[in-house]
Amino acid sequence: MNPRTTLAVAHRVLIQLRRDRRTLAMLLVLPCILITLMWWMYDDANPLLFDRIGPALLAIFPVIVMFLVTSVTTLRERSSGTLERLLAMPMGKLDFLVGYAIAFGLVAAVQSVLAVAVSVGLLGLDLAGPLWLLTVVAVVDAVLGSALGLFVSAFAQTEFQAVQFMPALVIPQLLLCGLLVPRPLLPDVLGAISDVLPLSYAVDAMQHLTTSSATGQVWRDIAVVAVFAAAGLALGAATLRRRTP
Amino acid sequence: MVNNAVEVRDLHVVRGRHTVLEHLDLTIGGGVTGLLGPSGCGKSTLMRCLVGVQQVAGGTVTVFGEPAGSPALRARVGYVTQAVSVYNDLTVAENLRFFARVLAADHEAVDRAVESVDLRAYRDDVVGRLSGGQQSRASLAVALLGQPDLLVLDEPTVGLDPVLREDLWQLFHRLADTGVAVFVSSHVMDEAERCDRLLLMREGRILADGSPAEIKQGAGVGDVEEAFLAIVRKDAR
């Protein structure tokens, strides 16, 4: 790995995002709007429920958004020939992947800061743990989403297929992560499945942060998510081939 | 001192059910070498082998004494694919600055490359909004950034106007004069005359190899297109 090329990739991805104003606006504003919508729904019916769902959403948005953005953009690199060109240059596979992860991690950090500001500042979400740690969790979640997106882009021939991996890979995690039913209340089999899915730990980390000021459990959850993200990046690197048929 | 930039030995490439390159033996030296043949004859596959991005079924490709695609070669070989492989949503200059950083090329390299392909007036335009010819010139400029010793150009002049095509061929010869081995493919026969050496390719095999004059003389005809036809007919018999 070479920091010069890694940063070159990250810088380039950020320039591309800056040029695509509509995508950037949606990346930053949509999570805030959706969280506000959730708050509004539950505010009259069951205000306590928002305290459980709010943190889960803060973990889920970075994963979903970065999964979609990364799978489509890397697929575009594969099909446009720019990836082949880069791999024929002095560029390590990890430079490419980590460059993407850095760029999207930064966007996720901004996205989370905005979403947290809205949740805590306007919607009255209580946060027991430190605010900065919540941002760390969000960034690790975003890197997880990027890693999963990179991985599936290897198995999709079109952007259409890439988007279909979302219901296949992300929605099951979303159903079992504790957003709809708290994880301890899941049937045993589903609970066991939920225990091996990365999004469960992402949501756990956020929920610990809102309920307790002790950070030990949060760091353990972050470590689990980070391991999944690293494994996703490694698998993604394995799917990047310099020589293709 | 390695005399030949490229040495291909018994290169065999199979794609799906089709044999694309059939036990090819070939050397490429300095000067401008043209690879001519109809679309689908294996030109792009051969070029991909030289750059080291093609899976091969057998044989070896050696570039400057090293196996094609080895890390030491990646900065020394410039490659332009047939597709425009630059980022559509970046400007010409942003694209070039990015690839220059990857190649560790100096800052003037960007200006030189823009100059070489005559895109000065468009350097701050987003590539996606340029014409097809301008886009392929932007893609070509990327290959010129690192001052490569071997340039592999897959149909770089498709869709360009005659004046610009002339300019680019002059550029290829200028580069060749400075010692760069230039390997250009084309399916346009009138470009053949501009090469120092010609390889005529058909169905994964090299049918003729020599200077344009030698090839015409060998076939006993007045232009390369007729020579190609004569050689193909002779080969079929």
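## Exercises on a two-chain predicted model

Buried residues make up 44% of the 245 residues in chain A; buried means that 20 or more other C-beta atoms, placed from the backbone, lie within 10 Å of a residue's own, exposed means 12 or fewer, and partly exposed lies in between. This is a predicted model, where local features need pLDDT of at least 70, side-chain atom pairs count only at pLDDT 80 or more, and totals for chains, interfaces and linings use all residues. Residues are numbered from 1 along each chain as its sequence is written, chains are lettered from A, and ligands are numbered from 1 in the order in which they are written.

**Exercise 1. Describe the build of chain A.**

Step 1. List the elements. Chain A has ten helices and zero strands. Helices (H or I, at least four residues) and strands (E, at least two) are DSSP runs, numbered from the N terminus.

Step 2. Check the size. A compact globule of 245 residues would have a radius of gyration near 18 Å, and chain A has 18 Å, so the two agree. The radius is taken over C-alpha atoms, and the globule rule is 2.2 Å times the number of residues to the power 0.38. Along the principal axes, the C-alpha atoms of chain A fill a box of roughly 55 × 40 × 35 Å.

Step 3. Look at the contacts. Two residues are in contact if their C-beta atoms, placed from the backbone, lie within 7 Å. In chain A, take the contacts with a separation of 6 or more: residues 24 or more positions apart account for 80% of them.

Step 4. Read the confidence. pLDDT is the predictor's confidence in each residue, from 0 to 100. Chain A has a mean of 89, and 100% of its residues reach 70 or more. Within chain A, helix 3 (residues 47–80) is lowest, at a mean of 87, and helix 8 (residues 188–195) is highest, at 95.

**Exercise 2. How many residues of helix 4 of chain B are buried, and what covers them?**

Step 1. Helix 4 of chain B (residues 132–144) has 13 residues, which at 1.5 Å a residue should span 18 Å; its end C-alpha atoms are 19 Å apart, which agrees. The expected span is 1.5 Å times one less than the number of residues.

Step 2. Count. Eleven of the 13 residues are buried. Among them are B:Arg137, B:Leu140 and B:Val142.

Step 3. Find the cover. It includes strand 6 (77–80), helix 2 (92–103), helix 3 (107–116) and strand 7 (150–154) of chain B.

**Exercise 3. Which residues have the most contacts inside the largest nonpolar core?**

Step 1. Define the set. A nonpolar core joins buried Ala, Val, Leu, Ile, Met, Phe, Trp, Tyr and Cys residues through C-beta atoms within 7 Å.

Step 2. Name the residues. The largest core has 147 residues, and A:Val137, A:Ala202 and B:Leu50 have the most contacts inside it. Helix 3 of chain A gives the largest share of this core, 14 residues.

Step 3. Follow one residue. Leaving aside neighbours within four places in sequence, B:Leu50 touches B:Val6, B:Val61, B:Val63, B:Ala68, B:Val152 and B:Phe183.
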